[in-house]
Amino acid sequence: MSRPLLLCALGLAAAIVYPLLVPNYLVNVGMLIFFTAFIGQSWNIAGGFAGQTSFGHVVFFGTGAYTSTILQVTYGWNPWLAWPVATAMGGVVGWMIAVLSFRAGLRGSYFALITLAFAEVFRILANSVSFTKGGLGMLIKADQRPINFQFKDPIWIYYLALLLCIVSLLVAWHLTRSRFGARLIAIRENEDAARALGIDVFAEKVKVLTLSGAMCAAGGTFYAQKYLYIDPWIAFGVDKSVEMLLVSMVGGAGTIFGPLIGSFTLMGINEVTRALASVVPAFKNVQPLSLVVYGIMLILIVARLPNGLMGLFARKPRNA
Amino acid sequence: MLDPAFLFAGILNGLLAGGIYVLVAVGLTLIYGVLHIINFAHGSLLMLAMYAVFWLWRLLGVDPYAALPVVIAGAFAFGFVLYRLLIGRYNHGRDENILLITLGLSIVFDNAALLFFGGDTQTIDVPYAGTFVEIGAAFLPLPKIISFVASLLICAALGLYMAWSDTGKAIRAVAKERQGARLVGIDVENIFAISYGIGIACLGAAACLLMPTYYVTPTSGHAFVLVAFTIVVLGGMGSFVGAAVGGFLIGITESLGGLFLGEQLGQIGISLIFILILLFKPTGLFGSKA
């Protein structure tokens with residue numbers, strides 16, 4: 001067995017055993033790590049591999065969350081059946097935004113800003129129209145049975161998040177080995193050169209944003225089922241967009257494990273500040289500190305370490 | 001259904017709000033026009049300036065209008081140093097990188113403000129806040145009129161400075177032709193830092209003019225960042241006239257949107273304009289062909 005494969009197997013074994021050994025609170029933290037890694041990976045596929053930096057990825061997340069919740073609450077669907085529909089809707093929105101933006105030739109910062117504007121439009125609509133119940137948000141009736149995509153024991157939602165995370169890692173792994181992935185990387189490195197080589201740049205970019213949107217929407221449904229409540233700010237607010245971008249960038253954009261490492265780091269810093277806040281009374285308002293630290297990490301990484309924290313690992317063999 | 005007096009009041013209110021937007025957008029468009037960077041931290045820097053105005057008033061009792069020179073100078077110095085220490089070092093390579101760095105800055109500023117100032121909404125009580133002026137059917141708050149006039153005067157002063165001062169001429173030279181400017185002996189890096197400083201100084205002025213009628217929270221930056229980008233894109237990236245016209249148009253759009261579509265849905269106009277302009281006329285109203 002090769003060394004990376006061995007490490008993966010060990011990591012997987014640890015992830016499976018972990019929730020059996022720790023209290024529920026820490027199971028929940030683990031769940032959040034894998035969930036954030038999953039939606040981070042959906043950002044990474046478009047933003048990292050294909051270089052299409054998005055500031056409004058939450059538009060897909062919210063589409064997924066609202067689609068499955070509306071089907072469930074208003075039309076009485078089973079959430080497991082609503083999940084694939086929500087995922088497909090995310091793909092449709094991704095396709096739509098991609099066709100509009102890339103046909104207009106938007107690149108780089110302009111693409112980033114237009115995704116932000118799309119997310120704002122969706123947020124304002126969700127806040128105003130009646131079928132999303134506006135600013136009140138939507139409540140999913142609690143009925144903790146697996147058939148309802150609700151679990152009494154947090155361990156099951158943890159394993160589901162782990163499964164999602166593994167699927168997203170496999171997608172990313174596939175991208176590093178497939179022709180599709182190679183074309184995306186060519187587009188990221190130099191779009192004009194990629195076009196000159198005969199790559200249909202427009203089609204590939206539309207494809208990748210559709211895939212990314214679908215994945216992110218699947219995460220939206222998962223989130224709605226875990227917390228049984230969504231509102232326009234949770235579903236379409238800028239905070240989640242930033243979180244997805246941050247974990248990928250900090251962990252390493254365009255790398256397989258970047259979002260997972262980034263998510264692990266973000267939650268780690270989060271838990272440390274939370275613990276600090278609860279133990280030392282003088283620090284009871286230090287929660288925002290974790291994001292201050294994370295913002296500084298983002299700046300340092302963009303400036304000094306383009307491959308993120310993964311870059312630290314990759315460098316080791318060469319120096320050894 | 002449509003009462004013209006009502007409409008008139010809506011447009012006047014939009015114009016008044018637009019006056020301050022112009023100031024915010026002029027700073028953004030100056031930074032873009034000279035440096036070719038998209039300053040995503042613009043909203044957060046405005047929020048910091050608004051807190052500066054608030055604390056000057058709370059701790060020292062300085063009236064927001066009297067604070068103008070101090071806050072403008074402070075904002076210029078802050079912008080200048082920020083550029084020299086951080087932004088200027090990475091102002092090369094992919095344009096997304098600088099966007100990500102300024103995003104990182106805005107995350108740091110927003111959360112630092114939350115950490116130190118708390119999440120409460122802060123307002124300033126000025127004695128003249130309740131004074132209204134009647135124009136036709138419209139009752140307009142006096143501070144908004146003062147701010148509107150002051151904002152236009154500051155923009156005009158900036159325009160004159162850019163047109164006639166040596167520094168202004170150097171800034172315009174660098175914006176037009178970087179290499180050529182360097183060849184005739186202009187210290188381009190210094191001009192970059194000064195331009196960034198002036199852009200942030202505009203925010204300092206806007207903060208002073210906003211605070212008598214507005215409020216500040218650590219998330220105030222979010223409210224302005226998309227508005228500012230929309231104005232700049234609508235007017236044409238880098239165009240001063242565009243920023244001015246765009247500012248008024250967006251102010252009116254926002255005001256009429258709120259009037260016809262309600263408080264919630266009314267905000268959609270700005271984001272839609274932003275999307276439509278980028279999709280169909282990315283050079284904006286006054287932008288040159290890229």
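**Exercise 1. Which residues have the most contacts inside the largest nonpolar core?**

Solution. This is a predicted model, where local features need pLDDT of at least 70, side-chain atom pairs count only at pLDDT 80 or more, and totals for chains, interfaces and linings use all residues. Residues are numbered from 1 along each chain as its sequence is written, and chains are lettered from A and ligands numbered from 1 in the order in which they are written.

Step 1. A nonpolar core is a set of buried Ala, Val, Leu, Ile, Met, Phe, Trp, Tyr and Cys residues joined through C-beta atoms within 7 Å. Buried means 20 or more other C-beta atoms within 10 Å of the residue's own; exposed means 12 or fewer; partly exposed lies in between; C-beta atoms are placed from the backbone.

Step 2. Read off the core. The largest has 188 residues. Those with the most contacts inside it are L298(A), V24(B), A49(B), M50(B), V53(B), A206(B) and A207(B).

Step 3. Take A207(B). Two residues are in contact if their C-beta atoms, placed from the backbone, lie within 7 Å. Not counting residues up to four places away in sequence, A207(B) touches L46(B), A49(B), M50(B), A52(B), V53(B) and V71(B).

**Exercise 2. Describe helix α11(A) and its packing against α2(A).**

Solution. Step 1. Check the length. Helices (H or I, at least four residues) and strands (E, at least two) are DSSP runs, numbered from the N terminus. The expected span is 1.5 Å times one less than the number of residues. For the 14 residues of α11(A) that gives 20 Å, and the end C-alpha atoms are 20 Å apart, so the two agree.

Step 1. Check burial. Twelve of the 14 residues of α11(A) are buried. Among them are K240(A), E243(A) and G251(A). G252(A) follows the helix with a positive phi, near 140°.

Step 2. Get the geometry. Helix α2 (residues 24-49) of chain A packs on α11(A) at about 75°, with the axes 8 Å apart. The pair therefore counts as roughly perpendicular; that class covers 65 to 115 degrees, against under 35 for roughly parallel, over 145 for roughly antiparallel and oblique for the rest.

Step 3. List the partners. On α2(A) they include W43(A) and N44(A); on α11(A), M244(A) and V247(A). By class, this contact has six nonpolar, six polar and one charged residues.

**Exercise 3. Is P259(A) buried or exposed, and what does P259(A) touch?**

Solution. Step 1. P259(A) sits in helix α12 (residues 258-279) of chain A.

Step 1. Count neighbours. P259(A) has 35 other C-beta atoms within 10 Å, so P259(A) is buried.

Step 2. Leave aside neighbours within four places in sequence. P259(A) is then in contact with A37(A), G40(A), Q41(A), N44(A), V247(A), S248(A) and G251(A).

**Exercise 4. Is I135(B) buried or exposed?**

Step 1. I135(B) has 12 C-beta neighbours inside 10 Å, so I135(B) counts as exposed.

Step 2. Beyond four places in sequence, I135(B) is in contact with L12(B) and L140(B). A9(B) is 126 residues away in sequence and 8.5 Å away in space, C-alpha to C-alpha.

Technical notes
Axes fitted to C-alpha atoms, helices over the stretch in contact; angles between N-to-C directions. Nonpolar A, V, L, I, M, F, W, Y, C, P; charged D, E, K, R; others polar.
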